[in-house]
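Okay, thanks for making time, everyone. I'd like to walk you through one model today, so let's get it up on the screen.

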Amino acid sequence: MSSLIVPSDLLPADGRFGCGPSLIRRAQSDVLAALGTTVMGTSHRQPPVKHLVGKIRESLTALFGLPDGYEVALGNGGSTFFWDAATFGLIRDRSQHVDTGEFGAKFATAARRAPFLADPEVVSAPPGELALPQASPDVDAYAWAQNETSTGVLAPVRRVTEDALMLVDATSSAGGVSVDITQTDAYYFAPQKCFGSDGGLWFAVLSPAAVARIEELSDRWVPESLSLPAALENSRKNQTLNTPAIATLVLMAEQLDWLLESGGLRFAAARTAASAEVLYSWAEQSWYASPFVQQIEARSPVVGTIEIDGAIDAARVTAALRNNGVVDIEPYRKLGRNQIRVGMFPSVDPGDVAALTKCVDYVVEHLA
Ligand SMILES: *Cc1c(COP(=O)(O)O)cnc(C)c1O
C-alpha cells in the first residue's frame, strides 16, 4: 500500500508499542534462552519450576509492599478467566461494575449471565470518560478497571465502602502505575502488559476479606478450572491446578527482578509518567493530534489514546509505520475511531516514545 520509508535516524530503538502482548526486553528473552535446557521442558511439580512460581509470588509481594494477610494467587487462563472465576468465587449476590469501555463491560456481562447472582448494577460513561463506582447498600463486590485499556482512561483505586469487596482489574496497570493495595481486595492482572511477558496466566493479590469470601462461597458448584479455592490451594504450594506456560513464568520473573532492582513501583510509575508526558504534550502541540481523554487526571500513563484529525486517515499512518517496523499503535478495534493507541509500559523507553512522535509527524507530512 505505502512504500514510504521513514529515515532510520528517526526510528525508535525498539518499534513495539502494543498494549498486550507488549514489548519483551532483550534481557528477558536472553534469560529464557539461558534456561532453555534446564527449567524449560521440566516438570511444573518439581523444585525448579515451583521455585520460579515462589519467586514470582515473593517478588510481587515486595513490588506491591503487601501488608500481612494479603497473598498472591495465580491460575491459568489470563484475566478473562479470572472474571469467570470471580463470578463464581468472589461475588456473593450482587456486584456493581464500572463500564467505561470494553474490559469493564466484559466482567459486567459475565456477572449478568450467572444464574445464581442478582442482576449487577452498572455505572457507565461514554468512551474516553471516567466513571466511578457508587456506594450502594445491595452490593457485595465492586468491580472496575484501574486502566481501561480500550480507551486509555485511568481510574482512582479507592475503597467505596468498608463492607464489600473491591475487585480491581489491573491487567494493564499493575507494575506500571502506583497503587495503595490496601484499597483493594482482589487486584488482578495478566503478565503480557506491564510485565512484558506472555499471555495465558492470571495473578490476583487477595486481601484477607477476599480469602474469607472465597472460603464462604466454597460450597457453590464451580467448574474445577475456575475454582478459586483450588487456585488458592495450589498457589500456596507454588503450583497451578494444571500445567502453566513455563516460558511465561520465566519472562515474568525476569521483569520483576528488573523492576525491583531499578527501584520498584516508584521507578516504574516515574518511567511510564515520563513516556506519557512526552506523548500527550506532543499531541497537545500538534495541529492534527489531540489526547482522546479530556480529563487530564484520567489520562493513562500506560495506554495513550490520541485522536487524529479527520483530514488524515490514521489507518494509513499506522500501516506506513508498520512497514517501517513501528507496530501495534492501531486503536482498540471495537472503538472504531480515527486514533492511534500507544502502549507505554515500563519496558518502553521514554526516548522511544519521543522517537515515535517524530515518526508519526514524518509519515503524516509525507503521506499526502
Ligand atoms: C488485556 C486486558 C484484559 C484481558 O486480559 P487476558 O489476559 O487477555 O484475558 C482484561 N482487562 C484489561 C484491563 C486488559 O487490559
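Let's start with a contact: the side chains of R92 and E216 meet in a salt bridge, 2.7 Å from N to O. Keep in mind that this is a predicted model.

Across the whole structure, the search finds 15 salt bridges. Let me show you two others.

K334 pairs with E102, with the closest N and O atoms 2.8 Å apart. Here K334 is in the loop between α9 (314-323) and β12 (339-343) and E102 is in helix α4, so this pair ties together parts 232 residues apart in sequence. How do the two ends compare, buried or exposed? K334 is exposed, with 53% relative accessible area, whereas E102 is buried, at 18%.

Then there's D185 with R159, again with the closest N and O atoms 2.8 Å apart. D185 lies in the loop between β7 (165-169) and β8, and R159 in the loop between β6 (153-154) and β7, 26 residues apart. D185 is buried, with a relative accessible area of 2%, and R159 is partly exposed, at 21%.

Okay, on to the sheet. What's the strand order? Reading across, you get β1-β9-β8-β7-β4-β2-β3, an open sheet of seven strands with mixed pairing. The edges are β1 (71-76) and β3 (121-124), each pairing on one side only. From one strand to the next, the twist averages 20 degrees.

Let's zoom in on β2, residues 95-99. On one side, three bridges join β2 to β4 (residues 141-145), and those two run parallel; Q96, for instance, has Y142 as its bridge partner in β4. Four bridges join β2 to β3, also parallel, and there V98 is partnered with V123. To get from β2 to β3, the chain passes through helix α4 (residues 102-113), and that β-α-β crossover is right-handed.

Last stop, the helices over the sheet. Helix α2 (residues 47-63) lies across β1, β8 (186-189) and β9 (201-206), at about 135 degrees to β1. Helix α6 (residues 228-236) lies across β1 and β9, running at about 115 degrees to β1.

That's my tour, so over to you.

Key
Residues are numbered from 1 along each chain as its sequence is written. This is a predicted model: local features need pLDDT of at least 70, side-chain atom pairs count only at pLDDT 80 or more; totals for chains, interfaces and linings use all residues. Side-chain values use heavy atoms; hydrogens and water are left out. Two strands pair if DSSP finds at least two bridges between them. Axes are lines fitted to C-alpha atoms, for helices over the stretch in contact, and angles run from 0 to 180 degrees between N-to-C directions. Contact means heavy atoms within 4.5 Å. A crossover is right-handed if, with the strands pointing away from the viewer, the path from the first strand over the helix to the second runs clockwise. A salt bridge is a side-chain nitrogen of Lys or Arg within 4 Å of a carboxyl oxygen of Asp or Glu. Buried means under 20% relative accessible area, exposed over 50%, partly exposed in between (1.4 Å probe, protein chains only).
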